[in-house]
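The structure is shown first, and the description follows.

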Amino acid sequence: MHTKTKTMTITATIATTIATITRCSWANPANPRYLAYHDTEWGVPCHDERRLFEMLNLEGAQAGLSWETILNKRETYRAAFDGWDAQKIAAYGPDKVAQLLLDPGIVRNRLKVAAAITNAQAYLRLRAEGQTLDSFLWAYVDGRPIVNNWQPGQFPAKTALSDRLSKDLAKRGFKFVGSTIIYAYMQGIGMVNDHAPTCFCRAGH
């Protein structure tokens, strides 16, 4: 078999395999970035401090929008917010805010930009108390993800646990941390595994 033909055959086989994999219904098959997020991140326990802070802010930025919209902007968000360095973000002043509000690579919403700064300040206070986001968040599930068995149509927008975590984060000064946002956050960082029973990620995670 010629090398070119062999390569085309392998590519076609991989494409067919990807197309026949059963995923959660929300994973848009037309968006490779979204599929990669579903396959390798969503529902996977995360203990990386920088990513936990990033995801908290991105979930807040999603409010009123779709997660796909935010995911498509994730790299430009990282560039705009100094790689989610909380120390730098906490010190942002009016000039930086004005710059961010002109950046088409992020959601140019004044309240959401202000929330990222406030969240950085709240995060630094948490660290000053000797805690990390990792230790703070995972204590709510005793360090082990909750594996749910929701059937299609049963997925809740929030739970009693997300209600409690939402209130605790708000008390600590975090913004855009309503219960619905926090439940989505818990799914995204793997505190809960909500992959559908038929999804190929179910067993793998």
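## The largest pocket

In this predicted model, the largest pocket holds about 520 Å³ of space. Its lining is made up of 24 residues, and those that lie nearest the centre of the pocket are Trp 26, Tyr 34, Trp 42, Ala 184 and Gln 187. Three elements, α2 (32-40), α3 (49-62) and α11 (179-188), each give two or more residues to this lining, and the largest share, five residues, comes from α11.

Sorted by class, the lining of the largest pocket comprises 15 nonpolar residues, together with six polar and three charged ones.

## Aromatic pairs and a cluster

A search of the whole structure finds ten aromatic pairs. One of them joins Trp 26 and Trp 42 in an edge-to-face arrangement, with 4.7 Å centre to centre and 70 degrees between the planes. This pair links distant parts of the chain, since Trp 26 sits in the loop between α1 (3-20) and α2, whereas Trp 42 sits in the loop between α2 and α3, 16 residues apart.

Elsewhere in the account of aromatic residues, Phe 53, Tyr 77, Phe 81, Trp 84, Tyr 92 and Tyr 123 form one aromatic cluster.

## Exposure of the paired tryptophans

How values were computed: Residues numbered from 1 in each chain as written. Predicted model: local features only at pLDDT ≥ 70, side-chain atom pairs only at ≥ 80, totals over all residues. Heavy atoms only, no water. 1 Å grid on protein atoms, 1.4 Å probe; cavity = no way out; pocket = protein on both sides within 12 Å on 5 of 7 lines; lining within 4 Å. Points joined across faces, edges and corners; volume = space filled by probe spheres on them. Helix = DSSP H or I, 4+ residues; strand = E, 2+ residues; numbered from the N terminus. Nonpolar A, V, L, I, M, F, W, Y, C, P; charged D, E, K, R; others polar. Phe/Tyr/Trp six-rings, centres within 6.5 Å; stacked < 30°, edge-to-face > 60°.
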